[in-house]
Amino acid sequence: MNHRRLLLALGVALVGSTSPVRAQDSGLAGTYRAAADSLIRAATRDSAAYQRLARLVDGFGHRQAGSRSLEAAIDWILSQMKKDGLQNVRGEPVQVTHWVRGMESAVLVKPRLDTLHMLGLGGSVATPKGGVTAPVLVVSSFEDLERRKAEARGKIVLFDVPFTEYEETRRYRSDGPSAAARVGAVACLVRSVASFSIRTPHTGRTTYDSTVARIPAAAVSVEDAMMLHRMQDRGEQVVVTLTMGARQLAPVPSRNVVAELVGREKPDEVVVLGGHIDSWDVGQGAMDDAGGSVAAWEAVRLMKELGLRPRRTVRVVLWTNEENGVEGGRGYRDAHKADLGRHVMAMESDGGVFAPTGFAFAGSDSAAALVRQAATLLGSIGATKVEKVPDSPDADIGPLVEEGVPGIGLRVEDSRYFWYHHTEGDTLDKLDPGEVARCVAAMAVMAYVIADLPSGLPRS
Ligand SMILES: [Zn+2]
């Protein structure tokens, strides 16, 4: 850029930052520019959200459904929300699945002795005491298993499927164990659902088909899956001992965390924003999903602090047990069944709190047009993209979207998310305070504008 153009660009930037209403603003963007800019300034002036997230994950660790740490974290959040001055702060009761991993290991017995890096899958049954020792059949897809099904009986089937995209690859984690059981396998291993690996196994929920035997199921690291595959390709016999002490205990009481900033004109109409407060039992669950939970919470706290009280109520909801069954999301829908018609929009962040890029939106075209206009207010933090999607953009708001509530998910630069997802590596240090702050800003501006629109969001 030459000097003349640089000066011109600086001049435009200066005019832009000092004028409350920009020349190109019109309609919704013009009405809300000043409020949006003050929310963005407040969210990005310091690292308050990151510090709060650090206090949460360092103070309580991971927060698996059924664990004491989850309930202790919920107690702490409720007390902090009251100190923040939020309204109607409460825990809404939800019964949650209580699955515990117990002791577990996978040992390569042939062609040589070695330890494999594994994590049992959530919901898996245990092996018999002493484990299951069996030859391994490595397959690269469901179709490959179908072709080789005659070889599967009595074996441990390993799905060595490279990561393409989360929803596509995680089918092997969800459905692989029952597919293997259907052809007579005694246990199932899956290559971790990971876009990059330093031999870290990734856990996650598996779901059994009730018409076939429930066999023990675990994820192994990408490196281990690829090694076993190479051994098979060389014609070597691969034998593994899988030992798992997992137990499904009786369901226990948990809570969805709820707090509000009550609307100034239409308090019965609600914009929900949140994340899920539970995590897997590894790492700190910092990005999945303490980060989304804190971003939503901070968004509402900042509105309160700035005296920005929208027409409708903004309600932060931190759902419990997303990971092992979306019980918090379904519980919220059931508890609020009579009010779902007055839910103007439900927003969730559950894709990591990296640099925000925009939103995915499920709802009518006319609602999407308003959401797109609101997103233009996020130009200074790069979060203006709005993609229309056919289904709920995130899991916990799924039950609401199915009932017709417009749903919106925060979208971020997620190229590193599946490096850490559901592993010991999901810890605070992977996150950047400035990026977390911009996620808070994006959620705050979108929630505020939609909650304040004179006419609400048109439904499909
Ligand atoms: Zn999550």
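**Exercise 1. Work out which geometry the four donor atoms around the zinc ion adopt in this predicted model, and which residues supply them.**

Step 1. Begin with the angles: the four donor atoms around the zinc ion subtend 53 to 148°. A tetrahedral assignment would need all angles to lie between 85 and 135 degrees, so the arrangement around this zinc ion, with its range of 53 to 148°, is classed as irregular.

Step 2. Read along the chain, the donor residues follow the spacing H-x11-D-x61-D. His276 belongs to strand β11 (residues 266-276) and Asp288 to helix α8 (residues 286-305), so this pair ties together parts that are twelve residues apart in sequence.

**Exercise 2. Decide whether His276 and Asp288 are buried or exposed.**

Step 1. The cut-off for a buried residue is under 20% relative accessible area.

Step 2. His276 has a relative accessible area of 0% and is therefore buried, and Asp288, with a value of 3%, is buried as well.

**Exercise 3. Describe the lining of the largest pocket, from its volume to the classes of its residues.**

Step 1. The volume of the largest pocket is about 1,300 Å³, and its lining comprises 47 residues, of which Tyr166, Glu167, Pro393, Asp394 and Ala395 lie nearest the centre.

Step 2. Turning to secondary structure, the elements that each supply at least two lining residues include α9 (327-335), β14 (356-362) and β16 (407-412), while α6 gives the most, with six residues.

Step 3. Sorted by class, the lining of the largest pocket has 19 charged, 17 nonpolar and eleven polar residues.

**Exercise 4. Place Arg247 in the fold and find its contacts.**

Step 1. Arg247 is located in strand β10.

Step 2. Once neighbours within four places in sequence are set aside, Arg247 is in contact with His98, Trp99 and Val100.

Step 3. Val222 is 25 residues from Arg247 along the chain, and the C-alpha atoms of the two are separated by 26 Å.

How values were computed
Residues numbered from 1 in each chain as written. Predicted model: local features only at pLDDT ≥ 70, side-chain atom pairs only at ≥ 80, totals over all residues. Heavy atoms only, no water. Donors = N, O, S within 2.8 Å, 3.2 Å for Na, K, Ca; no water. Tetrahedral: all angles 85-135°; square planar, octahedral: opposite > 155°, others 65-115°. Helix = DSSP H or I, 4+ residues; strand = E, 2+ residues; numbered from the N terminus. Buried < 20%, exposed > 50% of the residue type's maximum accessible area, 1.4 Å probe, protein only. 1 Å grid on protein atoms, 1.4 Å probe; cavity = no way out; pocket = protein on both sides within 12 Å on 5 of 7 lines; lining within 4 Å. Points joined across faces, edges and corners; volume = space filled by probe spheres on them. Nonpolar A, V, L, I, M, F, W, Y, C, P; charged D, E, K, R; others polar. Contact = heavy atoms within 4.5 Å.
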